[in-house]
Amino acid sequence: MFSEPLTSNWYATPQPEECVVETFDVVVLGTGAAALTAAIRAADEGASVGLFEKADSVGGTSAWSGGMVWIPMNPHMAELGIDDTREEVMTYLGSLSNGLIDETLAGAMIDAGPEVISYLEENTPTRFQIIKDFPDYHPEHPGAKSGGGRSLECPLSRSTSSVSGSRASPSARSCPATS
Ligand SMILES: Cc1cc2nc3c(=O)[nH]c(=O)nc-3n(C[C@H](O)[C@H](O)[C@H](O)COP(=O)(O)OP(=O)(O)OC[C@H]3O[C@@H](n4cnc5c(N)ncnc54)[C@H](O)[C@@H]3O)c2cc1C
């Protein structure tokens, strides 16, 4: 059946002398929004970061997405005079989940979200803006913002992003960008 016998080396395993061993303080797998945010923060803290992507193009599902992020109590709400409180957000999330949500996890998301937005805006070219009048998905639920404020978008700029590179996901290469 096989012209040559299968040996333990038939699949061309790199030999130890061919391997290049690199070490990093932090290894990040993937190049989606979560991974890149983690990599940026780790590098800013002084860590050497190894960023690895298993796909042929970078960006993951994030590069294909609508790019809208839901961050209650985000720093741009105050600019538009929109009030928000932790209690309102927890009430909204609780009502969406029929009270089954893990409040510790939900609280971590509520508390960290605004910090992530501020951090990225202060330390990277990323800028967010509120999608005006875009209501929460279930404005009829208690704690919802029917007039919007919690949904942010992040317009891409050709001058500040590298998404037009040939290794970007196809959707990121073809998406309209601001100047
Ligand atoms: C069409 C569409 C529109 C969407 N619109 C929105 C929206 O507007 N707002 C919203 O909030 N959400 C939206 N979503 C959902 C959102 O895109 C995802 O929840 C989000 O992008 C996930 O981000 P992530 O960083 O966790 O993972 P991803 O962006 O998926 O990144 C994961 C990356 O890790 C890589 N990877 C996996 N395993 C390994 C490994 N072992 N080694 C190396 N790399 C690895 C993958 O190849 C990938 O690049 C949308 C989804 C789709 C499909």
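**Figure 1. Parallel pairing of strands E1 and E2**. Two strands pair if DSSP finds at least two bridges between them; helices (H or I, at least four residues) and strands (E, at least two) are DSSP runs numbered from the N terminus. The structure is a predicted model, in which local features need pLDDT of at least 70 and side-chain atom pairs count only at pLDDT 80 or more, while totals for chains, interfaces and linings use all residues. Residues are numbered from 1 along each chain as its sequence is written. Strand E1 covers residues 26–29 and strand E2 covers residues 49–52; the two run parallel and are joined by four bridges. Within this pair, Val-27 has Gly-50 of E2 as its bridge partner. In the whole protein chain there are six helices and five strands, and their order from the N terminus is β-α-β-α-β-α-α-α-β-β-α.

**Figure 2. The shell of residues around the ligand**. H2 supplies the largest share, four residues.

**Figure 3. The antiparallel open sheet E3-E5-E4**. Three strands build this open sheet, and their pairing is antiparallel. Strand E3 (69–70) and strand E4 (129–130) are the edge strands, as each pairs on one side only. Two bridges connect E3 with strand E5 (residues 151–153) in the antiparallel sense. For Val-69, the bridge partner in E5 is Leu-152.

**Figure 4. The buried residues of helix H4**. Helix H4 spans residues 86–96, and Val-89, Tyr-92 and Leu-93 are buried in this helix (20 or more other C-beta atoms, placed from the backbone, within 10 Å of their own; exposed is 12 or fewer, partly exposed in between). These three residues lie on the same side of H4 because they cover an arc of only 90° around the axis (from the directions of the C-beta atoms). The buried residues of H4 pack against helix H5 (103–123). After H4 comes Asn-98, whose phi is positive, near 55°. In the protein chain as a whole, buried residues make up 15% of the 179 residues.

Figure 5. Met-73 counts as buried because 20 C-beta neighbours lie inside 10 Å. Asp-133 counts as exposed because it has 10 C-beta neighbours inside 10 Å.

**Figure 6. Ser-118 and Asn-74**. Ser-118 is located in helix H5. With 14 C-beta neighbours inside 10 Å, Ser-118 counts as partly exposed. Asn-74 and Ser-118 are separated by 44 residues in sequence, and their C-alpha atoms are 8.5 Å apart in space. Across the protein chain, 55% of the contacts (C-beta atoms within 7 Å) between residues at least 6 apart in sequence join residues at least 24 apart.

Technical notes. Two residues are in contact if their C-beta atoms, placed from the backbone, lie within 7 Å. A residue is near a molecule or strand if its C-beta atom, placed from the backbone, lies within 6 Å of it.
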